Amino acid sequence: MKGEKTVEKIILTKENIEKNRDEILKAYAQPSKKYAKLPTPTKRQRKLLGMGKDQGIATAKYIRVTPRKMKIVIDLIKDKSLDEAYAILMYTPKAASPILTKVLKSAEANAVNNNNLTRDNLYVAEAYANPGPILKRFMPRARGSANRINKRTSHVTIVLKERV
């Protein structure tokens, strides 16, 4: 057929991963086109490839603080070193601060203990708060009506990486 590009399929079997590890990692590191996406590796395949060994990730789910309020504090610590992020969180008088401190400590422990990264070089590479389920409550109003109150929850993720 005219102008058809052949995309070499990557088969992620254990033997193939062991033989072609460098080529597969290089292929996943490059940005992919929408029509030629690589298959998403499973957890076992990610472990064989050694993906995610350069970072420490921690997630807290179903936190009873709205994502919008979380984002205010998260934006303060993005791209800061670990000690600087702890200092900012300690002196920020917001409800999200103690929660983010706890998640940051967990991400630090994951990076240092599981992935053998040095604590002094760590910085907050990514941090985001996604919306969780909304608890819907009703408040009685005048003349027998009711208003809905949305009690929003959030899922917070912090990713620490080493500065080069």
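**Helix α4 and its partners**

Let's start with helix α4, which passes α5 in a right-handed crossing (right-handed if the near helix is turned clockwise from the far one by less than a right angle, left-handed if anticlockwise). This is a predicted model, where local features need pLDDT of at least 70, side-chain atom pairs count only at pLDDT 80 or more, and totals for chains, interfaces and linings use all residues. Residues are numbered from 1 along each chain as its sequence is written, and side-chain values use heavy atoms, leaving out hydrogens and water.

The axes of α4 and α5 (residues 82–90) come within 9 Å and cross at roughly 145°; axes are lines fitted to C-alpha atoms, for helices over the stretch in contact, with angles from 0 to 180 degrees between N-to-C directions. Helices (H or I, at least four residues) and strands (E, at least two) are DSSP runs, numbered from the N terminus. Val73, Leu76 and Ile77 of α4 touch Ala85, Ile88 and Leu89 of α5, contact meaning heavy atoms within 4.5 Å.

Helix α4 (residues 67–77) also packs against α6 (residues 96–114), at an angle of about 60° and with axes 10 Å apart. This crossing is right-handed. Here Lys69, Met70, Val73 and Ile74 in α4 meet Ala96, Ser97, Ile99 and Leu100 in α6.

Now for Pro140, which is placed in strand β3 (residues 135–140). Pro140 is exposed, at a relative accessible area of 68% (exposed is over 50%, buried under 20%, partly exposed in between, with a 1.4 Å probe and protein chains only). Beyond its neighbours within four places in sequence, Pro140 contacts Ser145 and Ala146.
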